[in-house]
Amino acid sequence: MMYGSSTQFRSWTFKDEHELKRLRVQANADFIEKFGADMTPEERRQHFLTAEEEHLMVRSYEHSLRDFCKKFRDPRDARIRMLPSAATTAQHYFKRFYIYNSVMDYHPKEILVTCVYLACKIEEFYVTINDFVHNVRGDKKKAIEIILNNELQLTQELQFNLIIHQPFRPVEGLLIDIKTRFPQLHDPERLRLYIEEFLEKVNLTDAILLYAPGQIALAAVTTAVSRLGENLDHYVTDILFPQEQKQHLPVLIEAVRKIKKMVKNTEPPLSDSMRKEIEAKLERCRNQQNNPNSSQYRANYSEWDDEDLPIASSPFSGDVSMGVERIRSPSAY
C-alpha cells in the first residue's frame, strides 16, 4: 500500500504542530472536566497536571521508550536485538495514543511497554510475553497482566490502524538511486551511521506525525551528507526532480528544512528532580480505575472459570501470553 492511500496519511498525519497541541490540550481539559467537575478552578490547578506538564511527561517517556528498545535483549539469545522497525512503530503508537488521551487517565509507563509489545507483533519480531517482560524491571507477573489488559485498549485507541509506513525503505531507495545516478558522491554507504542517528532522533519529535516517510528519509540522507562535508544539492534539484517535476520541489525543500529543524531542537528528557515532582503529582490525580495498584482497578476485573473461557487450546500452552486470566471491565472503555 502506498503512503498516500494509507490510514497513516488519512487519520494520523496532521496539518501542523498547532493542531497537535490543540488536540493534546483538549485531552487534558476533557480529563479535568470529567474528574474535577466539583472543584474550583484553583483546586483544579493544584490537583491536576497542566497540559504543559503532560507534554513534558510524554516527551520524557519517549526517551524512555527509545532506551528500552535499545537495551532490549532476548533472554534466550543476547545477540538478538530489537528491530529498528519495531522501535519506530512503538514510537508511533505511543505518540498517537497521547494525542487523544491524558497521562492522568493512562500512565505512560504502562502504555509504553504495551506499545512496544504490540509493535513487536506487528513488525514480526517474535518474542513471547515471558521473554518480553524479562526486560521489564520489577514484578514480571504484574507486568504481564498490565500489558495484556492494556493491549486491546491501546489497539482501540489506535483505531486498529496498526501498519506504520517508515522511512527505512525510502532511505534504501535513495541510496540505490544515488549510487546509480550520482557517482559524484563517493561510497554512499558511509552515510548509514549518520542516517541511523537522524532517524532515531526524529522519532523523538512530532515530525513523524506531520511529514511523509519519504520526506523524512530525504532529510536524513541530506543531513548525513552534510555531516561528511559534502552536499546533494545538484542531485536533489536536477536529478531527483527533473524539469517536469520542478513544481513539487519548493514544498519538499520546505518540509525537509522543517524536519531538520525539529530534529535539531529535539527536547531533552526531564531532569530527575522535575520528573519525580511531576510523577508524584500524577500519582495523586490519576484515574484510579486504570491504576493497577488501586482497589478500584481490581474491582473492574471479573474472574472467569476455565470452562466459561472461550479460548481454543494452543500449541504454546506453556506461554502465559496465550492465556488470559482477567478481562478489563467494559466500564474502563
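User: Which hand does the crossing of helix 11 and helix 13 have?
Analyst: The crossing of helix 11 and helix 13 is right-handed. This is a predicted model.

User: What's the packing angle there, and how far apart are the axes?
Analyst: Helix 11, residues 213-227, packs against helix 13, residues 249-264, at about 70°. Their axes are 9 Å apart.

User: How would you describe that orientation in words?
Analyst: Angles from 65 to 115 degrees count as roughly perpendicular, so helix 11 and helix 13 are roughly perpendicular to each other.

User: Which residues make the contact?
Analyst: Helix 11 contributes Gln 215, Ile 216, Leu 218, Ala 219, Thr 222 and Thr 223. From helix 13 come Leu 252, Ala 255, Val 256, Ile 259 and Lys 260.

User: How do the residues of that contact divide into nonpolar, polar and charged?
Analyst: In the contact of helix 11 with helix 13, seven are nonpolar, three polar and one charged.

User: Now helix 9. At what angle does it pack with helix 11?
Analyst: About 55°, for helix 9 (residues 168-181) packing with helix 11. The axes of these two are 8 Å apart.

User: Changing topic. How many residues are in the largest nonpolar core, and which touch the most other members?
Analyst: The largest nonpolar core has 49 residues. Phe 94, Met 104, Val 116 and Phe 132 touch the most other members.

User: Which elements give two or more residues to this core?
Analyst: Helix 2 (17-35), helix 4 (51-71), helix 5 (84-100), helix 6 (108-122), helix 7 (129-133), helix 8 (140-157) and helix 14 (272-285). Helix 6 gives the most, with nine residues.

User: What does Met 104 touch?
Analyst: Leaving out residues up to four places away in sequence, Met 104 touches Asn 28, Phe 31, Ile 32, Phe 48, Leu 49, Glu 54, Leu 282, Cys 285, Arg 286 and Asn 287.

User: And what other core is there?
Analyst: Another core, of 41 residues, lies apart from the largest one. Among its members are Val 171, Ile 216, Ala 217 and Val 221.

User: What about Phe 160?
Analyst: Phe 160 also has a positive phi, near 60°. Phe 160 lies in the loop between helix 8 and helix 9. Its relative accessibility is 52%, so Phe 160 counts as exposed.

User: Last, the whole chain. How many helices and strands, and what share of residues is buried?
Analyst: The protein chain has 15 helices and four strands. Of its 333 residues, 48% count as buried.

User: What share of contacts comes from residues 24 or more positions apart?
Analyst: Among contacts in the protein chain with a separation of 6 or more, such residues account for 76%.

Conventions
Residues numbered from 1 in each chain as written. Predicted model: local features only at pLDDT ≥ 70, side-chain atom pairs only at ≥ 80, totals over all residues. Heavy atoms only, no water. Axes fitted to C-alpha atoms, helices over the stretch in contact; angles between N-to-C directions. Parallel < 35°, antiparallel > 145°, perpendicular 65-115°, else oblique. Left-handed = near helix turned anticlockwise from the far one by under 90°. Contact = heavy atoms within 4.5 Å. Nonpolar A, V, L, I, M, F, W, Y, C, P; charged D, E, K, R; others polar. Core = buried A, V, L, I, M, F, W, Y, C linked by side-chain atoms within 4.5 Å. Buried < 20%, exposed > 50% of the residue type's maximum accessible area, 1.4 Å probe, protein only.
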